[in-house]
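Subject: Model handover

Hello,

Here is the structure for your files. My notes on strands and helix packing follow below it.

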Amino acid sequence: MKFTLLFWGIFCCLCCYALSKNIYARPDTVSIGALFTFNSTIGRVAKIAMAAAVSDINNDSRILPGTKLVVQMRDSNCSGFVGIVQALQFMEKDTIAIIGPQSSVLAHVVSHVANELQVPMLSFAATDPTLTPLQFPFFVRTTHSDHFQMASVADIVNYYGWKQVTAIYIDDDYGRNGISSLGDELAKRRSKILYKAAVRPGAKKSEMATVLVRVAMMESRVLILHANPDSGLALLLLARNLGMTSSGYVWIATDWLGSFLDSSPHLDMDLVSAVQGVLTLRQHTENTRKKSMLASKWSALVKRDNVDSRFLINSYGLYAYDTVWMIAHALDAFFSRGGNISFSVYPKLREIAGGGLQLGAMTVFDEGRLLLERIRQINFTGATGLVKFDSDGNLLQPAYDIVNILGTGLRTIGYWSNYSGLSTASPETLYMKPANRLRENQKLGLVIWPGETVTRPRGWVFPNNGNELRIGVPDRVSFRQFVSADNITDTVRGFCIDVFVAAINLLQYPVPYKFMMFGNGSENPSYTQLINKIQTNEFDAVVGDIAIVTNRTRVVDFTQPYIESGLMVLTSVKKHSSSGWSFLQPFTIRMWGVTGLFFLIIGTVVWLLEHRINDDFRGPPVKQIITVFWFSFSTLFFAHREDTRSTLGRFVIIIWLFVVLIIRSSYTASLTSILTVQQLTSPITGIDSLVASDEPIGFQIGSFAENYLLHELGVSKSRLRALGNPDEYKRALELGPGNGGVMAIVDERPYIELFLLEHPKFAVVGSEFTKSGWGFAFPRDSPLAVDLSTAILELSENGDLQRIHEKWLNDRMTEPQSQTNELESDSLQVYSFSGLFLICGVACVITLAIHAGILVHKYCEHAASSQQAALSSADGSSRSSSSRSRLQAFLSFADRREIDTRRASKEKAAALAGVGGDSVGGVSAVSSTTSVITTTSC
């Protein structure tokens with residue numbers, strides 16, 4: 001019995017230990033499939049790298065203990081059909097995972113099978129960005145998506161300032177979807193793909209040459225080549241033969257070229273000459289320990305494989321190596337957590353069973369989703385660096401090396417990472433710093449471009465189709481100084497034409513062009529219709545007096561303005577003759593009233609401050625009133641004779657004299673202007689008063705002023721009158737609104753200034769109420785518009801633009817503008833002097849408050865002494881004193897002269913001191929004091 005219990009105890013312990021170590025869940029051998037093209041740039045390297053990974057895993061007891069990993073490799077031989085068949089054969093043999101396929105095209109097809117049978121597929125080379133976990137959850141990309149590669153290409157294009165590129169690509173899922181992603185990334189940076197040149201998969205050289213010839217005829221010289229090594233190298237060799245790798249061209253190849261060059265120890269000289277100056281990309285990998293170990297034994301691995309040629313490892317080989325390690329780590333986690341390899345029949349295949357295809361042999365991996373989850377959760381450091389997936393199924397920290405091909409070698413000029421953009425520092429150093437994608441921090445090293453030049457190529461030329469640039473020119477019938485056609489010589493001339501020709505001559509490249517007139521010759525054409533001709537491709541550009549306004553910038557691009565412009569109001573004016581009452585015009589009625597009121601206030605304040613101590617401000621009431629008026633108004637001429645003795649009074653006078661000085665100066669200046677400068681009057685003072693009225697308004701035929709008045713200012717169309725030339729301007733303004741004319745004309749500044757040169761009796765009222773300029777119009781994103789803008793700025797800086805202006809428009813063109821200043825000016829308002837009046841008023845209040853405080857204090861002292869005298873006097877006197885009103889006593893005290901008040905106080909004190917005298921003497925003393933006070937009280 002004891003033996004039996006001991007046996008069962010030992011058996012249970014062994015079972016628990018076995019379950020904890022998952023010994024029963026781990027098979028002796030795990031077989032996975034690998035599907036790729038052996039004889040390809042990527043396949044040759046991947047085959048050896050995966051074999052090395054399998055060997056390293058099986059020799060490492062820390063990973064998959066007790067289980068041998070076996071990778072069965074199949075060669076798809078660059079055939080989509082063969083690849084599909086081999087993928088199905090893997091499914092027949094209960095494969096739990098497949099490495100591959102290498103081709104994005106094949107991955108699209110096989111991923112559908114993997115989804116149904118729940119077999120994870122890990123591809124180290126299928127970079128098509130549309131292969132996403134949303135559509136293909138069992139497809140795991142173990143390299144970086146072309147979405148990131150195209151973002152790096154777009155950043156390079158934006159860094160060098162190119163706005164248009166030509167994309168050359170293989171017309172399959174890999175090529176189309178990659179270029180589509182490039183177009184999206186360029187659009188984010190305000191650039192675009194001008195032309196997409198698709199090459200048929202497996203195309204002959206003649207077909208490729210035809211595509212390249214079409215590319216050479218295009219405008220863009222920035223060429224993006226997204227292909228596979230075989231087709232891409234053939235295209236580059238043909239491009240060299242066609243002269244498309246010479247100076248002026250820019251070639252940017254995706255990472256297919258970098259991978260080919262990295263794995264090729266020796267290059268054919270023809271190929272070397274074809275790729276000179278080309279920029280290419282390489283998937284960036286960290287310098288890890290596994291990478292160094294793999295590189296050190298690479299030559300031995302190649303020899304062991306018994307291949308005929310020698311080749312080096314590239315980035316795809318490193319990702320293939322890490323892919324095997326991903327599966328090993330995922331399987332280890334899968335088995336450790338109780339995963340079991342089992343398969344079941346796929347029920348949907350029963351409905352189509354039969355025939356020669358063994359469809360029933362394909363089964364569903366029961367725990368495929370669990371293994372897929374373990375693959376998504378891996379986190380280790382491999383040969384390429386950190387191996388970890390984000391929530392979208394992409395590897396973290398995507399980065400690329402940017403390589404310039406020079407001679408027989410490769411020169412890294414910088415790096416691109418999704419974290420910090422372009423940089424000359426390695427991404428590993430930037431990951432430790434805050435992300436900074438500012439434009440000034442984007443840097444690349446020196447590039448040797450095709451043609452062995454370090455000068456950045458312009459990136460575009462005129463299309464090589466034998467056609468000249470078609471320049472649309474308005475056929476004007478008025479203001480022909482700006483642009484006009486000479487029917488005798490069949491030429492176009494004018495200010496705008498001379499500016500355009502001068503700017504074209506400053507460009508560093510020839511520009512063939514021809515002028516094409518637009519209009520019927522009897523009236524000015526519609527400039528809106530002229531601009532629309534660019535959209536319909538009837539004109540390649542428009543040159544003339546074209547105003548840069550908002551609705552036009554939505555459809556075309558303009559150059560830098562070469563002349564200022566804006567809408568102004570032109571109207572007829574009348575001379576204003578002065579009258580006998582002109583001296584009242586400088587001030588408004590309110591200003592006159594406030595100024596006079598302040599004269600009286602200041603006179604009154606000074607009288608209050610000086611009355612008790614200054615004889616000039618004393619005397620009979622009539623005399624004091626006259627003194628107040630005389631003193632206040634005489635300060636206007638600084639002719640006041642009365643002296644001010646109090647400190648407070650002098651303080652008020654100083655401030656008031658400063659105010660008077662300012663008022664006198666302003667009045668003198670305004671009156672001088674009224675009497676000496678010619679004054680013009682008009683019922684219209686600007687655009688606001690013109691719109692508010694109901695009078696008719698004129699505009700120039702073809703000008704944008706009509707649209708602005710209708711839609712921006714809300715003027716009724718019935719009020720607008722179309723005018724064709726300066727004579728019609730003159731006639732309409734002279735007739736006026738009552739006789740079939742107009743009240744005013746709204747037109748652009750250059751036209752009005754030119755009109756006023758010949759008709760000075762009219763004038764501009766108000767200010768320029770819009771600000772714009774004239775420029776040359778080109779299609780959207782036209783690089784010629786940018787270069788011409790630079791040329792116009794150069795014309796402005798070297799003075800040529802001003803000389804052209806003087807030639808056609810005369811330097812006196814700006815003189816009539818001064819007439820706007822001669823219109824009747826407004827009278828001076830109270831508001832203009834409110835600060836001065838406020839300062840003066842505050843000074844008066846403060847001084848009066850101080851004076852009142854001093855006066856009350858003195859009165860209290862006087863009252864106290866009077867009360868003491870009253871107590872010592874007779875009862876009759878006491879009764880007589882108490883009957884007085886206190887207010888009357890205070891006013892009487894305030895009206896007395898201060899020196900008399902002090903004298904009276906002393907006499908009262910002396911009277912109090914003679915207490916022993918008879919009452920008659922006391923009465924006499926009091927009577928004497930009273931007599932003195934009465935005498936000096938006026």
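**Helices and sheets**

Helix α2 (residues 41-58) lies across β1, β2 and β3, and runs at about 170° to β2. Helices (H or I, at least four residues) and strands (E, at least two) are DSSP runs, numbered from the N terminus. Angles run from 0 to 180 degrees between N-to-C directions, and axes are lines fitted to C-alpha atoms, for helices over the stretch in contact.

This is a predicted model: local features need pLDDT of at least 70, side-chain atom pairs count only at pLDDT 80 or more, and totals for chains, interfaces and linings use all residues. Residues are numbered from 1 along each chain as its sequence is written, and side-chain values use heavy atoms, with hydrogens and water left out.

**First sheet in these notes**

Five strands form an open sheet in the order β2-β1-β3-β4-β5, with parallel pairing. Its edges are β2 (68-75) and β5 (139-141); each has a single partner strand, so one side of each is left without a neighbour in the sheet. Pairing requires that DSSP finds at least two bridges between two strands. Strands β1 (residues 29-36) and β3 (residues 98-99) run parallel and are joined by 2 bridges. Alanine 34 has isoleucine 99 in β3 as its bridge partner.

**Helix packing**

The axes of α3 (residues 80-92) and α4 (residues 104-117) come within 10 Å and cross at roughly 20°. The two helices are therefore roughly parallel (angles under 35 degrees; over 145 is roughly antiparallel, 65 to 115 roughly perpendicular, the rest oblique). On the α3 side, Gly80, Gly83, Ile84, Ala87, Leu88 and Met91 meet Leu106, Val109, Val110, Val113, Ala114 and Leu117 in α4. Contact means heavy atoms within 4.5 Å. The residues of this contact divide into 10 nonpolar, 2 polar and no charged. Ala, Val, Leu, Ile, Met, Phe, Trp, Tyr, Cys and Pro count as nonpolar, Asp, Glu, Lys and Arg as charged, and the others, Gly among them, as polar.

α4 also packs against helix α6 (residues 173-188), at about 100° and with the axes 7 Å apart. That makes α4 roughly perpendicular to α6. Ser104, Val105 and His108 of α4 make the contact with Asp173, Tyr174 and Asn177 of α6. Its residues divide into 2 nonpolar, 3 polar and 1 charged.

**Another sheet**

An open sheet of 5 strands has mixed pairing and the order β29-β28-β30-β25-β31. β29 (720-723) and β31 (762-765) are the edge strands. β28 (residues 697-700) runs parallel to β29, with 4 bridges joining them.

Best wishes
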